[in-house]
Each structure stands twice: as structure tokens, then as C-alpha cells.
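Please give a short report on the structure shown here.

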Amino acid sequence: LSKHLEKSELPATDRAVMLGQRGIEYAYLSEFDLAMQDYEQAIALQPKMALLYQMRGLTYEEMDQLELAITDFETVIRLSPERIMGYVALAWIYAAGRDPAFVDGSNALIYAQKAIAIKTNARTLNTLAVAQARNGQYQKAVATQLSAITMLRSAKKTIAPEIIAENEERLTIYQAGKPYTMPPLILPRAVYKKRIRDELLHPE
């Protein structure tokens with residue numbers, strides 16, 4: 001990416017995307033200062049590109065700077081209200097965030113319902129389930145999570161076993177009458193890389 005970015009003839013959109021992608025790579029290596037520099041440059045080039053705010057918001061979230069993450073995800077929704085990515089990210093912070101100061105079951109359910117109204121898939125069903133559990137709606141959370149698992153198992157493309165396992169683990173938590181909380185900071189590299197890859201490949 002760095003070699004491509006040296007090309008002066010790169011269109012602004014391509015340069016912004018590449019800067020964002022390099023920012024993600026820096027974040028993956030825990031080089032957060034360098035990641036933020038790339039995000040800022042990218043956003044300066046394309047201030048209305050929602051995906052750039054999504055990537056920066058995810059990095060802020062992993063840095064445990066949730067207030068800044070929430071601001072970026074709200075910007076994603078403002079710029080791209082017809083896509084699920086901003087709603088899903090906010091719902092997870094409010095439903096399963098590590099910092100209890102930001103946990104808000106009502107907001108989690110609002111954003112989860114908005115996401116699933118746009119598109120029903122395993123991702124939005126997972127999001128609705130985690131929000132339902134945070135609101136004490138455990139029977140609904142179990143049913144919703146089972147639907148998500150069924151959808152993953154019947155998907156045309158091969159789903160990695162660890163993704164199925166993560167979903168089944170959350171199902172067990174809901175069956176026990178407990179809400180789910182995201183694992184401690186920072187996510188293991190393999191998990192973090194998978195999450196970022198999913199955001200880049202499936203931003204809708």
C-alpha cells in the first residue's frame with residue numbers, strides 16, 4: 001500500500017481508500033498513532049466517505065475510546081443511513097461494550113432494530129439478539145440467536161468454524177439468562193483482523 005500511495009497520479013478516492021486500509025493495518029499492529037494519521041489524511045481527501053469513519057471508529061473502539069467511536073459511527077449513519085454498518089456498531093457498544101458507563105439497553109435495541117429493518121442477515125440477527133439480552137429479553141435473544149446460527153449454517157459460502165463457535169457461545173450465555181459483554185481490550189490479533197476484514201468486505 002505504501003508504494004501505491006507514493007504515486008502522485010492516484011485519484012483522491014483511491015488514495016483515501018488506500019490510506020484507510022493502511023490505517024487498519026497499522027491498527028492491527030497496535031501502531032495507533034500512525035493509524036490515526038492515515039485516517040485523518042483519508043478523511044481530509046474524502047470527508048463524505050462513510051467507510052473511513054467506520055474504520056476509524058472501530059480502531060477507536062479497540063483503543064477503548066468509546067466516546068470518539070460513537071461519534072464516528074453516528075457520522076457513518078448520517079452519511080450512509082441506508083446501510084447497516086453504523087447501526088450495528090452502535091448497537092454492539094450499547095449492548096455489549098466493555099465500559100459499563102456506555103451500556104444502554106434502550107439505545108442498543110433502537111439501533112439493532114434499525115439495522116434489521118434495513119437488512120435481515122446473520123449479522124443483524126446477532127446484533128438484535130445481543131440487544132435483546134441486554135434488555136433482559138432472554139427468550140427472544142435465544143430465538144433470534146438460533147435464527148442467526150441457522151442462517152450461518154445454511155449460507156452458500158463456507159463459514160469459518162470459529163464464527164459458528166462464537167455464535168453458539170453467545171447462545172449459551174443467553175440460555176443461561178445473562179447478557180453478553182465483549183472480551184477485554186485489545187482483541188486478539190486474529191479476531192481483530194477478522195473483524196476488520198468483515199467490515200471492509202461487507203460494509204453494508
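This is a predicted model: local features need pLDDT of at least 70, side-chain atom pairs count only at pLDDT 80 or more; totals for chains, interfaces and linings use all residues.

## Surface and basis

Residues are numbered from 1 along each chain as its sequence is written, and side-chain values use heavy atoms, leaving out hydrogens and water.

## Overall fold

The protein chain has 11 helices and zero strands. Helices (H or I, at least four residues) and strands (E, at least two) are DSSP runs, numbered from the N terminus. The pattern along the sequence is α-α-α-α-α-α-α-α-α-α-α.

The protein chain has 204 residues, and 48% of them count as buried. Buried means under 20% relative accessible area, exposed over 50%, and partly exposed in between (1.4 Å probe, protein chains only). Take contacts between residues at least 6 apart in sequence: 57% join residues at least 24 apart. A contact means heavy atoms within 4.5 Å.

## Helices H6 and H7

Two packed helices are described by the angle between their axes and the distance between the axes. The axes of H6 (residues 85–96) and H7 (residues 105–118) come within 8 Å and cross at roughly 155°. Axes are lines fitted to C-alpha atoms, for helices over the stretch in contact, and angles run from 0 to 180 degrees between N-to-C directions. H6 and H7 are therefore roughly antiparallel to each other (over 145 degrees; under 35 is roughly parallel, 65 to 115 roughly perpendicular, the rest oblique).

On the H6 side, the contact uses Tyr87, Val88, Leu90, Ala91, Tyr94 and Ala95. They meet Gly105, Asn107, Ala108, Tyr111, Ala112, Lys114, Ala115 and Ile118 in H7. The residues of this contact divide into 11 nonpolar, two polar and one charged. Ala, Val, Leu, Ile, Met, Phe, Trp, Tyr, Cys and Pro count as nonpolar, Asp, Glu, Lys and Arg as charged, and the others, Gly among them, as polar.

Ala131 lies in helix H8 (residues 122–134). Ala131 is buried, with a relative accessible area of 0%. Leaving aside residues up to four places away in sequence, Ala131 touches Ala95, Ala108, Leu109 and Ala112. The C-alpha atoms of Ala131 and Leu109 are separated by 5.1 Å, at 22 residues apart along the chain.

Arg123 is also found in helix H8. Arg123 counts as partly exposed, at 22% relative accessibility. Arg123 and Ala148 are 7.4 Å apart, C-alpha to C-alpha, and 25 residues apart in sequence.
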